[in-house]
Amino acid sequence: MTAVEEAIDTVAALPTPVGAQKDVLALTARGHAVVLGTAGSGKTTMAVLRALHLSDKACSHFGKTLLVTYNKSLLAYLEHMLPTGVYDLEVRNYHKFARGYLNHRGKMTRNCILDPDRQRALVLTALEAIRATRKDSVLEKPDEFFLSELTWISHNGYGERETYLGASRTGRGVALSEAGRSTVFDVRELYLKLREKEGKAYDWDDLASEVVDELEKDKGNRLYRHVVIDEGQDFSPEMLRSLALAIPDNGCLTFFGDVAQQIYGRDVTWRAAGLNVPKVWEFTKNYRNSPQIAKLALAIANMPYYAEQADMVEPDEFADAGPPPTVVNLENRKAEDAFVIEQAQALGRVGTVGILCRRRNDAARIGRGLKGAQHLYPKMPAWRPEGISIGNLHSAKGYEFQSVILVGLSAEDWPDPMAILADGEEEATALDGRLLYVGVSRARQNLIITTTSGLTELLPENDDLWLER
């Protein structure tokens, strides 16, 4: 039996891989591999199959395997996909992995991670203190800029002043002078002192850097032989570096991702993490979206805010044809909510429905009118593969539905005004454009977009891309 046949045979409980998917499943079990695919190309299924193959105790390359994702709400879906069998496999989101490893190293005491609200408060306290002591043009920037910049510093692992001063900040708004960057770093250092006074060792942004530091010092056996990353475009460079360090010399790391769905920062790529990859695998067949929906998604991916994006993979084959997307203009929010509920109930009689909103509180409000709907949220106990699901767009990463209703795509909310303050209009537009792409590409056959105050300009010109009501 060949390696490919052996691999497929071990995971027969899941959909059988086709074509080059078979080769990805049975890639060598040593070193790094990168698999890129367009939306609907089967990346998550391949990731699950790859993880099961690597963790199968009947295979010679067997070793404890970590299947890891960034999005906590996707865990229930991944666990739903796993068959029972003789596998040594753990499914975790990144931060659970990080906390587990640091606890193993004696670096995770009780309640030692600063919560995001308190983190924001301490950063702003540090910023006001610096503003009170000096004059610097960078200090005139809005608070949101500093909150975003400090997160960006942590996500890239720029823990030393000199490293940050020399780093490229492409796409993050107006260039900062060296003096301006130094002032930003002063804010960061004061924030860290304030955090230490509160007895907190980490925040959720810099946890990955601590994992990197510990793994570089750790000469013991690794907890996992193999790591498989699903939705890899969501991981920061520092997270990816830590996962690359988490495997032994006789293990492997396999990265599955789609940069078109990169919604947490445009510089987050496997290349920035320094993965050593002899070949990048690309999958261009879209098994999910109808040609009509894929045409809209592709038009979004061809918007200027996607320009010069490395590793873009465009689809060249699509699923069965369906109706064109529909854009519906409603008078007000009340009318919009009523319309969404009515449409979801009708579409739910013939297939799965995903109601996707910009904000979690919008999803909760609409969800109150849909008894029995499945809510997408980080600590979902289990995934129900039928009926109506509702959540914000971030929580929908990795999912697919027969019908999708995208709620509230208004010009006043897309791009997000707060993101413009934090990152500048260019970066905010790019990230929200990718978020829009994620929402559109969740739909298999039916797509409805609603608005109450004019359609966002993040959508392309309507060149027969949708019907309007």
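Visitor: Which side chain does Arg-241 meet in a salt bridge?

Guide: Arg-241 meets the side chain of Glu-238, with 2.6 Å from N to O. Please keep in mind that this is a predicted model.

Visitor: Where do Arg-241 and Glu-238 lie?

Guide: Let's begin with the general idea. An α-helix has 3.6 residues a turn, so residues three or four places apart point the same way. Now the case here: both residues belong to helix 11, residues 237-245, and they are three residues apart, about one turn of the helix.

Visitor: Is Glu-238 buried or exposed?

Guide: Buried means under 20% relative accessible area. Glu-238 has 7% relative accessibility, so it counts as buried. Arg-241 has 23%, so it counts as partly exposed.

Visitor: How many salt bridges are there in the structure?

Guide: The count comes to 26. Some residues are linked in a network of salt bridges: Arg-105, Lys-107, Glu-214, Lys-217, Asp-218 and Arg-222.

Visitor: Which side chain does Arg-365 meet in a salt bridge?

Guide: Its partner is Asp-337, at 2.7 Å from N to O. This pair links distant parts of the chain, as Arg-365 sits in helix 14 (residues 360-367) and Asp-337 in helix 13 (residues 333-347), 28 residues apart. Asp-337 counts as buried because its relative accessibility is 13%. Arg-365, at 22%, counts as partly exposed.

Visitor: And what does Asp-413 meet in a salt bridge?

Guide: Asp-413 meets the side chain of Arg-359, at 3.6 Å from N to O. Asp-413 lies in the loop between strand 13 (401-406) and helix 15 (417-423), while Arg-359 lies in the loop between strand 10 (353-357) and helix 14, so the pair ties together parts that are 54 residues apart in sequence. Arg-359 counts as partly exposed, at 31% relative accessibility.

Visitor: Let's turn to a helix. Which residues of helix 6 are buried?

Guide: In helix 6 the buried residues are Gln-119, Leu-122, Val-123, Ala-126, Leu-127 and Ile-130. Seen down the axis of helix 6, they fall within an arc of 140°, so they line one face of the helix.

Visitor: What covers the buried residues of helix 6?

Guide: The cover includes strand 4 (113-114), helix 7 (143-156), helix 9 (178-197) and strand 5 (202-203).

Visitor: How many residues does helix 6 have, and what caps its N-terminal end?

Guide: Helix 6 runs over residues 116-131, which makes 16 residues. From its first C-alpha to its last, helix 6 reaches 22 Å, close to the 22 Å expected at 1.5 Å a residue. Asp-115 caps the N-terminal end, where one of its side-chain oxygens lies 3.0 Å from the backbone nitrogen of Asp-117.

Visitor: Where does Glu-231 lie, and what does its side chain contact?

Guide: Glu-231 lies in the loop between strand 6 (226-229) and helix 11. Glu-231 is buried, with a relative accessible area of 6%. A polar contact of 2.6 Å joins its side chain to that of Gln-233. A polar atom of the Glu-231 side chain also lies 3.4 Å from the backbone nitrogen of Gly-398.

Note on methods:
Residues numbered from 1 in each chain as written. Predicted model: local features only at pLDDT ≥ 70, side-chain atom pairs only at ≥ 80, totals over all residues. Heavy atoms only, no water. Helix = DSSP H or I, 4+ residues; strand = E, 2+ residues; numbered from the N terminus. Expected span 1.5 Å × (residues − 1). Buried < 20%, exposed > 50% of the residue type's maximum accessible area, 1.4 Å probe, protein only. Arc of directions from axis to C-beta. Contact = heavy atoms within 4.5 Å. Polar contact = N/O pair within 3.5 Å; in protein donor to acceptor, adjacent residues only side chain to side chain. Salt bridge = Lys/Arg side-chain N within 4 Å of Asp/Glu carboxyl O.
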